[in-house]
Amino acid sequence: MSVINVAVLGAAGRMGRALSETIVNDPRFSIAAAVVEADDEQVGQVVAVGSSVSFTAELPDCDVVVDFTTPDGLLQRLPEVVARGAALVTGTTGLTAVQSAQLDAAAAQIPVLAAANMSLGVQLTHQLVALAASRLGVDVDVEVVDVHHRHKKDAPSGTALALGRTVAAAREQRFDAIAQLSRQGTDSARREGEIGFSAARLGDVVGDHTVIFGLDGERVEVTHRANSRQAFVRGALAAAEFLHGKPAGRYRLDDVLKI
Ligand code: NAD
């Protein structure tokens, strides 16, 4: 089995650091580069104590790029990733429809796997939520609540939106027509069939998601809690291994993490 050469995009960030530290100790992978922004003051510094890898602003030739940055950061780097002919695994959330379409266009030339949540537990949560939504039907009230650390930029989280889409698909609803992304003011009663969202940002919470199904007199809650970023690192590296050597195209995490 050949060692897969991975470049980490956003290597100085919370996810990038967790990923880089894991790759260095995983015999399936070698680290091609720990890539940070050009003006990042950490350029040239070693990734971790005792490591021979330093942060760099250059994206080198590699087999797979694993990206956890920002939508703008990802789109800025995308032409370089395509030019290198590398496969792309991205966990970056908060992309607009236009930015997602740019990923689709890149997938005509390289293999691309994008997932708002790389954890196995969240894959299972989608299945549980789909089951509950289809059994309970369109009359039940659904709210999706996400709790994340104080630095998270996008709200609702990409995972919360994806869980909402799972509910909508299971109930044969058009998500954009029934998603209520925030609620405030004196005209905030539920519309029929609505899927509501709320987001809390506090402390160092890695990521909690709860889908609440509210009936008269009772409610059902499906909750996933990420205790550590390793949940996402493991999935992202499984995706990198899966994507290596695949033809160009768009791939899904449930092709990789089968439960
Ligand atoms: P973070 O802010 O800690 O790190 C992002 C890093 O990307 C920063 O260091 C920033 O300087 C760097 N960056 C931005 N533009 C860049 C560019 N052009 N080139 C190189 N580096 C660039 O954020 P984080 O908590 O690590 O999360 C990053 C992204 O991943 C967010 O969108 C977050 O929502 C998402 N995320 C996804 C999952 C998942 O499982 N899919 C899990 C956790 C976080």
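A residue is near a molecule if one of its heavy atoms lies within 4 Å of it. Please note that this is a predicted model.

Select the ligand and the residues around it: 24 residues surround the ligand, and the closest are Glu 37, Gln 76, Thr 93, Met 118 and Lys 152. Colour this shell by class to find nine nonpolar, nine polar and six charged residues.

Next, select Thr 93, where a polar side-chain atom lies 2.6 Å from an oxygen atom of the ligand. At Arg 14, display the backbone: one of its N or O atoms lies 2.9 Å from a ligand oxygen atom. At Gly 73, a backbone N or O atom lies 3.4 Å from a nitrogen atom of the ligand. The ligand taken alone exposes 860 Å², of which the protein buries 87%. Two or more residues of the shell come from each of α1 (14-24) and α2 (71-84); α2 gives the most, with three residues.

**The sheet.** Now display the strands. Seven of them form an open sheet with parallel pairing, in the order β3-β2-β1-β4-β5-β6-β12. β3 (55-56) and β12 (249-251) stand at the edges, and each has a single partner strand, so one side of each lacks a neighbour in the sheet. Select β2 (residues 29-35) beside β3: these strands pair in the parallel sense over two bridges, and Val 35 stands opposite Thr 56 in β3.

**Back to α2.** Finally, select α2 again: this helix packs on the sheet and touches β1 (4-9), β2, β4 (64-67) and β5 (87-90). The direction of α2 makes about 165 degrees with that of β5.

Notes. Residues numbered from 1 in each chain as written. Predicted model: local features only at pLDDT ≥ 70, side-chain atom pairs only at ≥ 80, totals over all residues. Heavy atoms only, no water. Polar contact = N/O pair within 3.5 Å; in protein donor to acceptor, adjacent residues only side chain to side chain. Areas by Shrake-Rupley, 256 points an atom, 1.4 Å probe, with all protein chains shown as cover. Helix = DSSP H or I, 4+ residues; strand = E, 2+ residues; numbered from the N terminus. Nonpolar A, V, L, I, M, F, W, Y, C, P; charged D, E, K, R; others polar. Pairing = 2+ DSSP bridges. Contact = heavy atoms within 4.5 Å. Axes fitted to C-alpha atoms, helices over the stretch in contact; angles between N-to-C directions.
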